[in-house]
Amino acid sequence: MSLPEEGRPVEDLPAVAPQLRALRRQASLTLEAAARAAGLSPAHLSRLETGQRQPSLPMLLGLARIYGTTVSELLGETVADRDAIVRAADMEPTAAGGWSYWQAGASGRGMQSLRVHVPHGAQGDIVRVHPGEEWLYVLKGRLRLRLGDTAHVLAPGDSAHFDSLTPHRLAADGRDGTDLLFVHTLLQSPTAGLCLGPTTGVTP
């Protein structure tokens, strides 16, 4: 499965654009208010809602929190009756901003779990700050994790559990990328904020 490039229309995720707009309106947020909460410009969010730009996975996570929903719902996916068991054969990969991920749990719950592949060089300059907690476990490859002013390199079998209000960023430490198990709490609040943006002059 080829990964779509940032800035191209969302051809592989046809449900994203209309879902983004519908869920924003359902949350009673204007384009300007939602963009401000997500750390985006109104023009950028508008392009996401019209399919002219592809949202990255961190953007989807942030917008899901702001709209009080899940990444699965943003993507138009449904899991019948919140099944407790997710079979490997039922996991379909989704590409977002260069990352690939698979739902590893039911949608619509307060804790969301994903299996994630982070390619080398993808989104390594994006700093994330948002309410909640995150837990990750390295399955394969090495992960560069910056928490605040501290840099870490995690090897297979290493894990991290941290408050998401701590500025953090993730990057693969190797050409083959990194595979992770990733769990985050979903705050059901339309006012939950997310700050995303490239850093300058900081080496993880």
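**Reading the labels on this model**

Reader: What makes Ser28 count as exposed?
Author: Ser28 has a relative accessible area of 65%. The cut-off for exposed is over 50%, so Ser28 is exposed. The value comes from a predicted model. Ser28 lies in the loop between α1 (16-26) and α2. Its phi is positive, about 60 degrees, although Ser28 is not a glycine.

Reader: Why are α2 and α3 called roughly perpendicular?
Author: Helix α2 (residues 31-38) and helix α3 (residues 42-49) pack at an angle of about 105 degrees, and their axes are 8 Å apart. Angles of 65 to 115 degrees count as roughly perpendicular, and the pair is therefore given that label.

Reader: Which residues make the contact between α2 and α3?
Author: From α2 come Leu31, Glu32, Ala34 and Ala35, which meet Pro42, Leu45, Ser46 and Glu49 of α3. By class, the residues of this contact are five nonpolar, one polar and two charged. The buried residues of α2 are Leu31, Ala33, Ala34, Ala35 and Ala38. Just after α2, Gly39 has a positive phi of about 75 degrees.

Reader: How do you know that α4 is largely enclosed by the rest of the structure?
Author: Buried means under 20% relative accessible area. In helix α4 (residues 57-67), 11 of the 11 residues are buried, so the helix is largely enclosed by the rest of the structure. Among them are Arg65 and Tyr67, along with Leu57, Met59 and Ile66. Just after α4, Gly68 takes a positive phi of about 65 degrees. For the protein chain, 46% of the 204 residues count as buried.

Reader: Why is the pair of Trp135 and Tyr137 called stacked?
Author: The structure holds one aromatic pair. The ring centres of Trp135 and Tyr137 are 6.2 Å apart and the planes stand at 20 degrees. Pairing needs centres within 6.5 Å, and stacking needs planes under 30 degrees apart, so this pair is stacked.

Reader: Are Trp135 and Tyr137 buried, exposed or partly exposed, and why?
Author: Trp135 has a relative accessible area of 30%, and Tyr137 has a relative accessibility of 30%. Buried is under 20% and exposed is over 50%, with partly exposed in between. Trp135 is therefore partly exposed, and so is Tyr137.

Reader: What makes Arg115 lie over the face of Trp102?
Author: Arg115 is at 4.2 Å from the ring centre of Trp102. The distance cut-off is within 6 Å, with a further limit of within 35 degrees of the ring normal. Arg115 is assigned to the face of Trp102.

Reader: Why does Leu143 count as buried?
Author: Leu143 has 0% relative accessibility, so it counts as buried, the cut-off being under 20%. Leu143 is found in strand β6 (residues 143-147). Beyond its neighbours within four places in sequence, its contacts include Leu136, Val153, Leu170, Thr178 and Leu180. The C-alpha atoms of Leu143 and Asp173 are separated by 5.2 Å, although the two residues are 30 residues apart along the chain.

Reader: How do you know that Ser164 is buried?
Author: Ser164 has a relative accessible area of 0%, so it is buried. Ser164 lies in the loop between β8 (159-163) and β9 (168-172). Not counting residues up to four places away in sequence, Ser164 touches Arg128, Val129, His130, Pro131, Gly132, Glu133 and Glu134.

Key
Residues are numbered from 1 along each chain as its sequence is written. This is a predicted model: local features need pLDDT of at least 70, side-chain atom pairs count only at pLDDT 80 or more; totals for chains, interfaces and linings use all residues. Side-chain values use heavy atoms; hydrogens and water are left out. Rings of Phe, Tyr and Trp (its six-membered ring) pair if their centres lie within 6.5 Å; planes under 30 degrees apart count as stacked, over 60 as edge-to-face and the rest as tilted. Buried means under 20% relative accessible area, exposed over 50%, partly exposed in between (1.4 Å probe, protein chains only). Axes are lines fitted to C-alpha atoms, for helices over the stretch in contact, and angles run from 0 to 180 degrees between N-to-C directions. Helices (H or I, at least four residues) and strands (E, at least two) are DSSP runs, numbered from the N terminus. Angles under 35 degrees count as roughly parallel, over 145 as roughly antiparallel, 65 to 115 as roughly perpendicular and the rest as oblique. Contact means heavy atoms within 4.5 Å. Ala, Val, Leu, Ile, Met, Phe, Trp, Tyr, Cys and Pro count as nonpolar, Asp, Glu, Lys and Arg as charged, and the others, Gly among them, as polar.
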